[in-house]
Amino acid sequence: MRRVVRQSKFRHVFGQAVKNDQCYDDIRVSRVTWDSSFCAVNPRFVAIIIEASGGGAFLVLPLHKTGRIDKSYPTVCGHTGPVLDIDWCPHNDQVIASGSEDCTVMVWQIPENGLTLSLTEPVVILEGHSKRVGIVAWHPTARNVLLSAGCDNAIIIWNVGTGEALLNLDDIHSDMIYNVSWNRNGSLICTASKDKKVRVIDPRKQEIVAEKEKAHEGARPMRAIFLADGNVFTTGFSRMSERQLALWNPKNMEEPIALHEMDTSNGVLLPFYDPDTSIIYLCGKGDSSIRYFEITDESPYVHYLNTFSSKEPQRGMGYMPKRGLDVNKCEIARFFKLHERKCEPIIMTVPRKSDLFQDDLYPDTAGPEAALEAEEWFEGRNADPLLISLKHGYIPGKNRDLKVVKKNILDSKPTANKKCDLISVPKKTADTASVQNEAKLDEILKEIKSIKDTICNQDERISKLEQQMAKIAA
């Protein structure tokens, strides 16, 4: 690739792995042969898909819980088949979705301070796929809207708040879907598929807006993501199995705006994009490097910046949203690199002498508030992300619990006459009160059970320690 010395504040971005004691150690990272990133991160937690016997599980660790992770550390383990993909909700840092080989999507609510017991009960189970679900992706601006894609070549868009599938795009793809990406305001999605096509789709109209056949000629998996300006960035392979990256304008997909060949490695390139700085980071599965490029309006459009290299190959990669970064250290990206047995944070910084807040590095970024409710989006409204300033760092607010309200068909039936309606009113309020009381009682019982379990565990630990003391004393 032609390297031109050009003015850019990101030319000297450098990556640095953290010290060993700040890594997450002794984690059995999943060995599933699936090209997802196996890791999802937000400003509170890091979630990692792990090996699990008899089903699928993933770890959820508070960011500060570094060091060696105990084998008995609680997991999220409700799936009956291996977990293939996980994604944190952008509007609630305690809600995460998971897709699995058991054909279901599950949405979980993680306690505020992390797990103390293994979580087996999801908030909602979304069933609609007939084959394994390999992709889950939350809507960027609408609350409780979740997309899932499976090996049945179908894309389903759910309203998580009601647990219903509201859109089912099952006749657009004739072959396996490699990845799905929302655009900035969530009005369109783009997909890369095994039939070598890149499609731009309007999910609410259920129609293809633009498509490109043989975006990359090679047979190995492709990736396609939307950029902030509406263009599409793809990674794939040439006919000679060289890795390529390309930039496309959906209004004219005949020829790419830019096409670059990189190397002959065979790992799938996972692109991570920062819309605030227009930098794309490419992490190849099985590579030991992260390459980064700046996207601009001037030729050659995709400008190579630098490469971060390390010794160990990566099994997967997590990418921290902008609001989780340390603005005082000029940190512009943070990756969570998965090795075979550990997760290692890598910090990307722009060297600056001043300690003041750098406005040019941190324009206002997407905040945790949803711009739309699910129903508004399904009715056809669009909205850009609600932006926040990072000037004083990001302070996480209180997340509201995810509540699923199943619609009751019986409620919508018209009543025979008004008299009957009047009689039923007091009964209804009494019913509601009893349901609330039952829910409270359940909550208290659960808490009592969890405290009892903790006491039992502590008793066992005390007796073990006493035995050890006895041995030492003897």
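Trainee: What makes Y24 and F336 contacts of V46 in this predicted model?

Mentor: Contact requires heavy atoms within 4.5 Å. With neighbours within four places in sequence set aside, V46 is in contact with Y24, C39, A40, V41, L59, V60, L61, L63 and F336.

Trainee: Why is the set of 40 residues called a nonpolar core?

Mentor: The term is used because such residues are buried, that is, under 20% relative accessible area, and joined through side-chain atoms within 4.5 Å. The largest such core has 40 residues, and V46 is among those with the most contacts inside it, as are I27, I48, F58, V60, I110 and F336. Strand β4 (45–50) gives the most to this core, with six residues. A second, separate core of 26 residues includes Y281, I290, A333 and I346.

Trainee: Why is I448 called partly exposed?

Mentor: Its relative accessibility is 40%; buried would be under 20% and exposed over 50%. I448 therefore counts as partly exposed.

Trainee: How do you know which parts of the chain carry the lowest and the highest confidence?

Mentor: Mean pLDDT is lowest in α2, at 68, and highest in strand β3 (residues 39–41), at 97. Over residues 408–430 the pLDDT is below 50, and this stretch has one contact beyond near neighbours in sequence. Where pLDDT is low, predicted coordinates should not be read in detail. For the chain, the mean is 88, with 92% of residues at 70 or more.

Definitions and conventions. Residues are numbered from 1 along each chain as its sequence is written. This is a predicted model: local features need pLDDT of at least 70, side-chain atom pairs count only at pLDDT 80 or more; totals for chains, interfaces and linings use all residues. Side-chain values use heavy atoms; hydrogens and water are left out. Buried means under 20% relative accessible area, exposed over 50%, partly exposed in between (1.4 Å probe, protein chains only). pLDDT is the predictor's confidence in each residue, from 0 to 100. Helices (H or I, at least four residues) and strands (E, at least two) are DSSP runs, numbered from the N terminus.
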